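These notebook entries record what I looked up in one structure. I proceed by topic and keep each entry brief.

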Amino acid sequence: MAGTGSERPAEPSVHQLRLFVVLSEELHFRRAAARLFITQSALSQQIRDVEQRLGLRLFERTSRAVALTDAGRALLPEARAAVDAVARVRRIADAQARRLSDELVVGTVGAEAAMPHTRAVLRALLERRPRTTVRVVGLNFADHLAALGRQEVDVMFLRPPVPAGIELHHLAVEPRVACLPAGDPLAALPGVTLAQLAGRPVVAVPEEVPRVWWDFWAVDPRPDGSPVRYGPVATDVESLLHAVADGEAMCFLPAAARDLFPRPGISYVDVTDLSPCTAALAWLAERRGEPAISAVREAARTSVRSG
């Protein structure tokens with residue numbers, strides 16, 4: 001049947017929905033365009049095109065402000081779900097392509113790439129599977145667990161605990177130490193207790209970080225049941241150490257941080273009544289049987305004896 005001119009325009013593309021989502025988050029064309037690496041004029045044209053395709057006005061625009069309309073607010077959750085679904089399809093497709101090509105993407109967080117147990121496991125893996133291509137990527141601690149869940153990495157060297165759905169092989173055990181501003185009176189002591197640290201703010205992490213992980217690293221709650229008071233939010237080791245050096249908060253880190261992260265303005269102090277931490281290899285439980293992941297699990301089992 002021939003077109004009549006009254007047919008609805010084609011549906012918006014996923015790319016256009018992504019632009020709509022980002023503009024709805026920024027509510028500012030210049031900031032949204034910068035975030036998307038496009039020009040403001042291109043973004044404006046794409047948003048007009050989306051509105052034409054949907055037959056709805058999504059944003060109210062003035063010379064000073066951008067606001068979602070009622071229709072825009074109603075459509076936003078569905079647009080975000082569509083964008084997220086397509087992104088997940090892409091991530092899973094990439095993971096499958098890696099499996100077929102015998103590539104393994106290994107995530108690391110903090111200084112785990114430099115640790116002896118990490119090097120031992122990867123060396124043993126390549127001895128067993130010399131044709132495997134290993135790509136190591138460093139991740140910040142704010143989203144390293146999410147990256148594993150999204151299958152952006154196949155396995156990860158990290159510091160537990162982890163949320164449900166992730167399996168572990170423990171590789172090493174070491175104490176945790178307090179990382180304090182150098183000017184803190186406790187910084188000059190050879191050792192402190194958790195009771196002595198009570199009341200000092202602890203560096204926080206973004207809300208999306210699993211609480212099971214940061215509660216352990218913040219020692220929240222403390223043994224007497226008291227909650228921790230939080231300070232500034234950090235997304236990686238450098239921002240965390242900067243907050244401590246500025247005297248805004250303290251944190252707890254593996255003892256290896258003394259050698260790996262020496263910084264002006266901070267001191268590492270032993271905590272006499274704090275449980276140790278472990279280093280581990282992690283993978284998604286649902287992927288444990290994949291050949292490359294099975295191989296790295298076996299390499300971990302035979303090359304490292306956790307202590």
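**Salt bridges.** I count a salt bridge where a side-chain nitrogen of Lys or Arg lies within 4 Å of a carboxyl oxygen of Asp or Glu. By this rule I find 20 salt bridges. D184 belongs to the loop between β7 and β8 and R200 to the loop between α7 (194-197) and β9 (202-204), so the pair ties together parts that are 16 residues apart in sequence.

**Basis of the entries.** The model is predicted, so I note that local features need pLDDT of at least 70 and side-chain atom pairs count only at pLDDT 80 or more, while totals for chains, interfaces and linings use all residues. Residues are numbered from 1 along each chain as its sequence is written, and side-chain values use heavy atoms, with hydrogens and water left out.

**Confidence.** I read pLDDT as the predictor's confidence in each residue, from 0 to 100. The protein chain averages a pLDDT of 90, and 94% of the residues score at least 70. Over residues 1-5 the pLDDT stays under 50, and the model has 1 contact (heavy atoms within 4.5 Å) for them beyond four places in sequence. Where pLDDT is low, the predicted coordinates should not be read in detail.

**Naming and pairing.** I take helices (H or I, at least four residues) and strands (E, at least two) as DSSP runs, numbered from the N terminus. Two strands pair if DSSP finds at least two bridges between them.

**Sheet of 4 strands.** I traced an open sheet with the order β8-β12-β7-β11 and mixed pairing. Its edge strands are β8 (191-192) and β11 (251-254), each pairing on one side only. β8 and strand β12 (residues 266-271) run parallel and are joined by 2 bridges. Opposite G191 I find D270 in β12. For angles, I use axes that are lines fitted to C-alpha atoms, for helices over the stretch in contact, with values from 0 to 180 degrees between N-to-C directions. Helix α8 (residues 211-218) lies across β7 (176-181) and β11, at about 95° to β11.

**Sheet of 5 strands.** A further open sheet has the order β4-β3-β5-β13-β6, again with mixed pairing. β4 (133-139) and β6 (166-174) stand at its edges with a single partner strand each, so one side of each has no neighbour in the sheet. Neighbouring strands here are turned by 20° against each other on average, direction ignored. Strand β3 (residues 103-109) runs parallel to strand β5 (residues 155-158), and 3 bridges join them. T108 has F157 as its bridge partner in β5. Helix α11 (residues 291-303) lies across β3, β5, β6 and β13 (277-284), running at about 160° to β13.

**A helix pair.** At what angle do helix α2 and helix α3 pack? I find about 100° between α2 (residues 29-36) and α3 (residues 40-54), with their axes 9 Å apart. The two are therefore roughly perpendicular (65 to 115 degrees). F29, R30, A32, A33 and L36 of α2 meet Q40, L43, S44 and I47 of α3. By class, this contact has 6 nonpolar (Ala, Val, Leu, Ile, Met, Phe, Trp, Tyr, Cys and Pro), 2 polar (the others, Gly among them) and 1 charged (Asp, Glu, Lys and Arg) residues.

**Backbone exceptions.** Most residues other than glycine have a negative phi, and most peptide bonds are trans. In the loop between α2 and α3 I looked up F37, whose phi is positive, near 60°. The peptide bond from P160 to P161 is cis, with omega near 10°; P161 sits in the loop between β5 and β6. D220 and P221 are also joined by a cis peptide bond, with omega about 0°, and P221 lies in the loop between α8 and β10 (230-233).

Technical notes: Parallel < 35°, antiparallel > 145°, perpendicular 65-115°, else oblique.
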